[in-house]
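Thanks for coming, everyone. I have one structure to walk through today. Please bring it up on your screens.

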Amino acid sequence: MDVVAIFSELMWWLGMFFVAYSVAINTSFVGLTLLALGDLRSYRRRLGFAAYDETFGEPLARGVSILMPAYNESATIIDSVQAMLSLRYPDFEVVVVDDGSKDDTAAKVIEAFDMVEVPLVVSRRIALEGEVRSAWLSRRGSSNLLLIRKDNGGKADSLNAGINAARKELVCMVDADSLLDPDSLLHVCRPFADDPDRVVAAGGVIRIANGSSVRHGRVVDVRMPRTWLPRVQVVEYLRAFLVGRAGWSAIRGLLIISGAFGVFRRDVLLAVDGLSTDTIGEDAELVVRIHRWIGDNDADARVVCISEPVAWTEAPEDRAVLRKQRRRWHRGLTEIFLRHKDMMFRPRYGVIGMVTLPWFLVFELLAPVVEVFGFVYFVVVVVILGLEEVGVVRTDLVDPTVLVLLLATSVVYAVLVTFASLIAEETSYRRYRGVPDLLVAMWAAIEENFGYRQLNAFWRLGGLVEGVRGTRHDWGEMQRKGFGEA
């Protein structure tokens, strides 16, 4: 066999590998979509009998401490705290942890809510990196707002300080830039009431508020963003949260609860020593460590995702900021696998060990490697076909059928999967109302495959390399514009 024939054979098999990978990952998302749709229908049927109004008036409901780590969040902190304080729930407190902000985050909270310093001693059941400097309470006749000021130690350290200071049975972790729907806490805490002995953690859905109108810390008019970068992130979040995590939750395989909105039993958090401060994906690593704790102790416990409680967040509109975010996320996933790789294929860890972790290894952790090399392969094939067309090279070097299959499986199939996520949204919650917003979302599902997806793969590959090399953590700073008022 000559060199040309070997090259042609190699290109064919490479193309078939990329086609098979695309078919496998998109088909798995179809399966998750079907699981999520079944879970959504079941959840919607239960809403009529859930009696949330009665729960709101229940004096014996399990108390919740809402932890808000804040570092340089001056642009959004007041809206966020106001939204938290106006949540519908019978027994909760809001604990804002200022992690040594360099801006006026703490000063704004103290002034806006008329706070005064109090001699409160915060326990150290979970060791902290940054020393707690002071504690502040509001003088407005309410003790459910607490401000903790501490030296900078990172987001995980701030949450650990909040866990130490929490006085309630359940702990809700939210980002300082998040806005919650009024009934979010009622919904996300319901599994703890329905199955109090087994549910140890519950996560909600994260959606993007860019382009929507906000009044007094509430999203009052949901709209699709009109700029391309946040627009494609909207459909990306729908696919990840409404379909992906709901599907995994349906088979007890939920691996990740977003740090932007999740509720945990405080006793379990103390049992696993809180959040790890030496990993960049501390929220996801915490959930994996809880699954390890469940398996090691042979506990009959569950981690669930609830699709109704919504937390709204501000998505990056700057490409450089988004690049840093995606590199951090994938580096965090890499660190999780390096730390917990021994959980894979271990029956004691149930679906997490036997299904979820292997799936995330193949279709999440290694996905940017396949996507980047698949993109390079696609470019090479196009160039060769172009050279064949003008007679520069032989006409049998590559099979154009492979190119058609690759486009069909990696782009068309992916668009259809995202359309399925939009259908799930339209048939369940319909947050984005009206034909114009639906058309914009459909266009975003298409355009994310041309430019954004390739950039994201390169960014994630950088995070994978950083995680494997163990280079120094660099969170960077998320530049926020703040939520626009209606």
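Predicted model: local features only at pLDDT ≥ 70, side-chain atom pairs only at ≥ 80, totals over all residues.

Let's start at W293. W293 sits in helix 10, which covers residues 282–296. Is W293 buried, partly exposed or exposed? With 23% relative accessibility, W293 counts as partly exposed.

Now its surroundings. Leaving aside residues up to four places away in sequence, W293 touches V268, A271 and V272. Along the sequence, W293 and Y349 are 56 residues apart. In space, their C-alpha atoms are 9.2 Å apart.

Next stop, E335. E335 belongs to helix 11. This residue is buried, at a relative accessible area of 12%. Now pick out V220. How many residues separate E335 and V220 along the chain? The answer is 115. From C-alpha to C-alpha, E335 and V220 are separated by 38 Å.

Let's zoom out. The protein has 486 residues. Its secondary structure comprises 15 helices and twelve strands. Of the residues, 54% count as buried. Along the principal axes, the C-alpha trace spans about 85 × 50 × 45 Å.

Contacts come next. Take those between residues at least 6 apart in sequence. Of these, 81% join residues at least 24 apart.

The accessible surface of the protein comes to about 21000 Å². Carbon and sulfur atoms account for 58% of that surface.

Charges, briefly. There are 55 positive and 61 negative charges in the protein. How far apart are their mean positions? They are 1 Å apart.

Now the backbone. Two residues here have a positive phi without being glycine. Take D114. Phi of D114 is near 50°. Where does D114 lie? In the loop between helix 4, residues 105–112, and strand 3, residues 115–118. D114 is partly exposed, with a relative accessible area of 30%.

Then there is F345. Phi of F345 is positive, at about 60°. F345 also lies in a loop, between helix 11 (319–340) and helix 12 (350–365). Is F345 buried or exposed? Exposed, with a relative accessible area of 54%.

Last topic, the cysteines. A disulfide is a covalent bond between the sulfur atoms of two cysteines. The cut-off used here is 2.5 Å between the sulfur atoms. By that rule, the count comes to zero disulfides. C172 is in no disulfide, and the nearest cysteine sulfur, that of C189, is 6.8 Å away.

What about their accessibility? C172 counts as buried, at 0% relative accessibility. C189 counts as buried too, at 6%.

That's the tour. I'm happy to take questions.

Terms used
Residues numbered from 1 in each chain as written. Heavy atoms only, no water. Buried < 20%, exposed > 50% of the residue type's maximum accessible area, 1.4 Å probe, protein only. Helix = DSSP H or I, 4+ residues; strand = E, 2+ residues; numbered from the N terminus. Contact = heavy atoms within 4.5 Å. Areas by Shrake-Rupley, 256 points an atom, 1.4 Å probe, with all protein chains shown as cover. Lys, Arg positive; Asp, Glu negative; His and termini not counted. Charge placed at Lys NZ, Arg CZ, Asp CG, Glu CD.
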